[in-house]
Amino acid sequence: MLFTPLLTVAQEPKSNPYGLQVINSYEDYRASYTKNPNNELIEIKKAIPNIKLDIRYATKNNFMNQVMYKEARAFARKPVVTQLKKIQATLNKKGYGLKIFDAYRPYAITLAFYQKASNKNFVANPKKGSKHNRGCAVDLTLIDLKTGKEIQMPTPYDSFAAQASPSYSNLPPQIIKNRSFLIDTMQAYGFRVISNEWWHFDFIGWKEYELMDIPFEKL
Ligand SMILES: [Zn+2]
């Protein structure tokens, strides 16, 4: 079998079809955060209780049209969550808040996305892995704190349309303003938006973190 089956027990590092180093045993993960506490994957909701989650991959409401996560949870490396907490505080003062669609993503899920996706430009190449696999990327949008509803952005989450690009400009001014507000806020705290997805932000320190393949239920 070439690919790691979905949501099964992690396999030995040598079984990775692309020869990548991927941490896939809890023991290796624990050793990594014992050595460097920043490597710990923190549950975002525990650190930021008022943050809203809409973990689409734990439902069928995603581009795969199937449940990819057994649990609707979101994790990221410790410094990433520290920054998200600051962002949430800043936004809350202005009447807004974050809504997380996805954060740390086990490598096996990235493999499955790539095999199934019709448009490979919108999914990470498993030869490199995704910054989500490093616990250093977050997919998110803004909500109005009063209504709890998302503020209007150029496309829905995970749209494969050209309008999903953060540089797409043929849009109503209010939508451009909303998108800039999100991007500027995230960038002020050490995140960078990706070129084809207005909702995807990489943490600038991502290179220091290894790819991981540990399912949520083990964290
Ligand atoms: Zn993403």
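Where is the place of Tyr-157? In this predicted model, Tyr-157 sits in the loop between β6 (137-144) and α5. Its relative accessible area is 8%, so Tyr-157 is buried. Beyond residues up to four places away in sequence, Tyr-157 touches Arg-56, Tyr-57, Phe-101, Asp-102, Asp-139 and Trp-199.

Asp-158 counts as buried because its relative accessibility is 12%, under the 20% limit. The backbone of Asp-158 has a positive phi of about 65°, although Asp-158 is not a glycine. Most residues other than glycine have a negative phi.

Asn-65 also has a positive phi, of about 55°, and is likewise not a glycine. Asn-65 is placed in the loop between β3 (52-53) and β4 (75-77). Is Asn-65 buried or exposed? With a relative accessible area of 58%, Asn-65 is exposed.

Asp-139, one of the contacts of Tyr-157, is also a ligand of the zinc ion. Three residues coordinate the metal: His-132 through NE2, Asp-139 through OD and His-200 through ND1. The distances run from 2.0 to 2.1 Å. Along the chain, the zinc donors follow the spacing H-x6-D-x60-H. His-132 and Asp-139 are both buried.

The packing of two helices was examined next. Helix α3 spans residues 78-93, and helix α5 spans residues 173-188. Their axes lie 10 Å apart and meet at an angle of about 135°. That angle makes α3 oblique to α5, because the roughly antiparallel class begins only over 145 degrees. The crossing of α3 and α5 is right-handed. From α3, the contact is made by Leu-84, Ile-87 and Leu-91; from α5, by Phe-181, Thr-185 and Met-186. By class, five of the contact residues are nonpolar and one is polar, with no charged residue.

Residues three or four places apart in an α-helix point the same way, because each turn has 3.6 residues. The α3 side of the contact uses Leu-84, Ile-87 and Leu-91.

Which residues does Thr-185 touch, not counting residues up to four places away in sequence? They are Ile-87, Leu-91 and Ser-180. Thr-185 is part of helix α5. A relative accessible area of 10% makes Thr-185 buried. Ile-87 and Leu-91 are also among the α3 residues that form the helix contact.

Gln-88 belongs to helix α3. Gln-88 is buried, and its relative accessible area is 2%. Apart from residues up to four places away in sequence, Gln-88 touches Ile-48, Asn-50, Ile-51, Gly-97 and Leu-98.

Burial also marks helix α4, residues 107-116. Seven of its ten residues are buried, so α4 is largely enclosed by the rest of the structure. The buried residues of α4 are Tyr-107, Ala-108, Ile-109, Thr-110, Leu-111, Ala-112 and Phe-113. They pack against two strands, β1 (22-23) and β9 (211-212).

Two further residues were considered. Asn-39 lies in the loop between α1 (26-35) and β2 (41-43). Why does Asn-39 count as buried? Its relative accessibility is 12%, and the limit for burial is 20%. Neighbours within four places in sequence aside, Asn-39 is in contact with Tyr-29, Ser-32, Tyr-33, Arg-77 and Tyr-209.

Lys-218 is found in the segment after β9. Lys-218 is partly exposed, with a relative accessible area of 45%. From Lys-218 to Glu-40, the separation is 178 residues in sequence and 13 Å in space, C-alpha to C-alpha.

Definitions and conventions: Residues numbered from 1 in each chain as written. Predicted model: local features only at pLDDT ≥ 70, side-chain atom pairs only at ≥ 80, totals over all residues. Heavy atoms only, no water. Axes fitted to C-alpha atoms, helices over the stretch in contact; angles between N-to-C directions. Helix = DSSP H or I, 4+ residues; strand = E, 2+ residues; numbered from the N terminus. Parallel < 35°, antiparallel > 145°, perpendicular 65-115°, else oblique. Left-handed = near helix turned anticlockwise from the far one by under 90°. Contact = heavy atoms within 4.5 Å. Nonpolar A, V, L, I, M, F, W, Y, C, P; charged D, E, K, R; others polar. Donors = N, O, S within 2.8 Å, 3.2 Å for Na, K, Ca; no water. Buried < 20%, exposed > 50% of the residue type's maximum accessible area, 1.4 Å probe, protein only.
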